[in-house]
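Q: Please take a close look at a single part of this structure. I would like its helix packing described, and then the aromatic pairs.

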Amino acid sequence: MSVKKLNGSDSRVSYEFGHFLLDMSCTMVMRLPYSKRCKMATEVQNCEKIVNIFNYFSMMYCSFKITDQFMEICVMFLFVLICLAFLELMSSSIRLFFTPALKIVSVWLHMNEYLTGVTLLSFGNAIPDIIGNLAPIRGNASIFSIVIGNALVIILLNGGIVCFLKPFKLSGSSATRDLLFLLLSVELSRYMILYGGKGTILKSAVVISIYFVYLSVNILDLVIQRHSIRKLRREIQELMGHPPGVQRDQEIAEKRQAIYELKIHDDMVITDTADYRRRAKHRTFKNTNAAFFTTSKVLDHHVPVDFSATGKMLHDDRNPKNLYLFSDFLESLNPIDMEDWELGGRLSRLYQIIGCPLVFLMLLVIPYVDYEKAKHGWSKLLNCTQIITAPFIYIILVHSMMVSEFSGWYIVLQFSYAKWTFLLTVPLAIAVFAHSRTDRPPFYHIVFVGLSFTIAIVNIWICTCEIEVLTSVIAIVFNISSNFMAITFGSVSIAAADIIANATLVLQGYEKMVFAAIIGGPLFNNIMSIGISLFYNEGVRQDGTASLYGSHGENCYVFIMITIISTLCWCFFYNFLMRRSAGILLLFIFLLFFIYTAGMEWGFVHGFNDDTQKGPM
């Protein structure tokens, strides 16, 4: 009888201990002795959510077997280096694959810069954030404060850097429209969270519908703009048939000027970035004593690339189909851009050398397509092998991350789906090899653009998720709140990809596209993250939406209002000319936001949120 009683007591204790592990935070594991952390890190479910490709807690306490604080700090330094490696991988993916493919797709779809910015570039910039916000690691997170924190980093830090790098003129109507839509999305999201009660599919649909209205307005604006250009041209043709006169010539001149102003915001061309880099380097040597904080005159007339000519420049029908097959293969795998090497300084060359291994691996697997290059980057043998290797490798990666099965500290690779790709890709690669030539790309080369663009987004997604996990681990180890970490260091690390992509595009002459993405990306992220969370998050559907706001939510809300209003003000004051002083203002507001948030986290200042009032007992 006593034995049965003891067994019942043991089972009850085990049951209660199991529930304790379910509710236990990974932060609590850091308070245990080092000898106990390995077992608890593998059993606490909260720690099991903070994984992506690697389980860093298992790596730290089971593989490295950390026994003291000094060793723990050394491992944190190693994690920072891993984070930098993922940033380099993300940067190279953007520079080599995402940015060239983005320009090609937008030209093929006959978009202008603004529409490309609010669709393709905003989607590419925001989709990793949205996926991260819906990941299990953020199941109970304050999504509003994280999303608005990301928006502040993108607009203030990214926008400030872009304005400081290069002056340019915006379309006043487009900039005002985008900022007002962002204001609407923030106010609607805040209202739904604070006063909307429990999350429902109707509330989710209302929030998400704002983006489709915004997208429809942008498309309609482009349609009306092009209709206006055609109408003005018809009117000019009619005036040309009238008898010559001063009034006729004046009307024709006015209509041509109107067409010119509309065409500035209509054209989307692939520019010769090599020519721009050469001219920029010449100006740098010429103006070494120029004032650092002055805004230079907008003089950059970017030379468009005749991409039809670059594709055929090495073609000759008399050449054999496989001319220079293997030498072309080896040249395409060179991780050093020789033109960048010649134009760059010592730091630029050192950066290229450090990034060589990662760039080489990506060139080996991912199709490189760039309409500025000879043959558009086509390499017959390499591209045929990539038809087989790229789908195989990336289906393995995505499938493994979806299954999320670990063996120790690393993820178990899943081959069950990827192995079937050979049935399609091997015959396809053989057919492409038999049909294509080495001296020009085939007519279906645009398919490789789609493959390169898709894989670049997958790379950005993987790197973003891994950086998010790494920052969460570092925050837990150093006892920093995950909410503060997410809206400050986490937002900056995730926004690094956007900053790199946008700075690259600005220096290549796509300023209007970048500004549209700087506003459109946060708008898309805010609407989709909040809208999907209102329906997707089980806790929000059952307990209400208040948990999405967070302790830093009001602080982020006040600063996003300051940002939107101040941006509208300087746009009007400067007549929508992006100046360096505007960039300095944005960077100053970002610094103020960072200092205020840090002071609130460490108790030096009070947040903008109201204190909870309790009645007398």
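A: Helices α9 and α23 cross in a left-handed sense, meaning that the near helix is turned anticlockwise from the far one by less than a right angle (clockwise would be right-handed). The model is predicted, so local features need pLDDT of at least 70 and side-chain atom pairs count only at pLDDT 80 or more, while totals for chains, interfaces and linings use all residues. Residues are numbered from 1 along each chain as its sequence is written, and side-chain values use heavy atoms, without hydrogens and water.

Helix α9 covers residues 172-195; its axis lies 11 Å from that of α23, at an angle of about 165 degrees. That angle makes α9 roughly antiparallel to α23 (over 145 degrees; under 35 is roughly parallel, 65 to 115 roughly perpendicular, the rest oblique). From α9, Thr176, Leu179, Leu180, Leu182, Leu183, Val186, Glu187 and Arg190 meet residues of α23 that include Glu554, Tyr557, Ile560 and Phe572, contact being heavy atoms within 4.5 Å. By class, this contact has 11 nonpolar, two polar and three charged residues.

Helix α23 (residues 553-573) also packs against α8 (residues 143-165), at about 30 degrees and with the axes 9 Å apart. These two helices are therefore roughly parallel. Their crossing, too, is left-handed. On the α8 side the contact includes Phe144, Ile148, Leu152 and Cys163; on the α23 side, Cys556, Phe559, Thr563 and Trp570 are among the residues involved.

Aromatic pairs number 18 in the structure, a pair being rings of Phe, Tyr or Trp (its six-membered ring) with centres within 6.5 Å, stacked under 30 degrees between planes, edge-to-face over 60 and tilted for the rest. Phe392 and Phe415 make a tilted pair, with 6.3 Å between centres and 40 degrees between planes. Phe392 sits in α17 and Phe415 in the loop between β3 and α18, 23 residues apart. Phe415 counts as partly exposed because its relative accessibility is 40% (buried is under 20%, exposed over 50%, partly exposed in between, with a 1.4 Å probe and protein chains only).

Phe559 and Tyr596 form another tilted pair, 6.0 Å centre to centre with 55 degrees between the planes. This pair joins α23 to α24 (residues 580-601) across 37 residues. Phe559 is buried, at 3% relative accessible area.

Notes. Axes are lines fitted to C-alpha atoms, for helices over the stretch in contact, and angles run from 0 to 180 degrees between N-to-C directions. Helices (H or I, at least four residues) and strands (E, at least two) are DSSP runs, numbered from the N terminus. Ala, Val, Leu, Ile, Met, Phe, Trp, Tyr, Cys and Pro count as nonpolar, Asp, Glu, Lys and Arg as charged, and the others, Gly among them, as polar.
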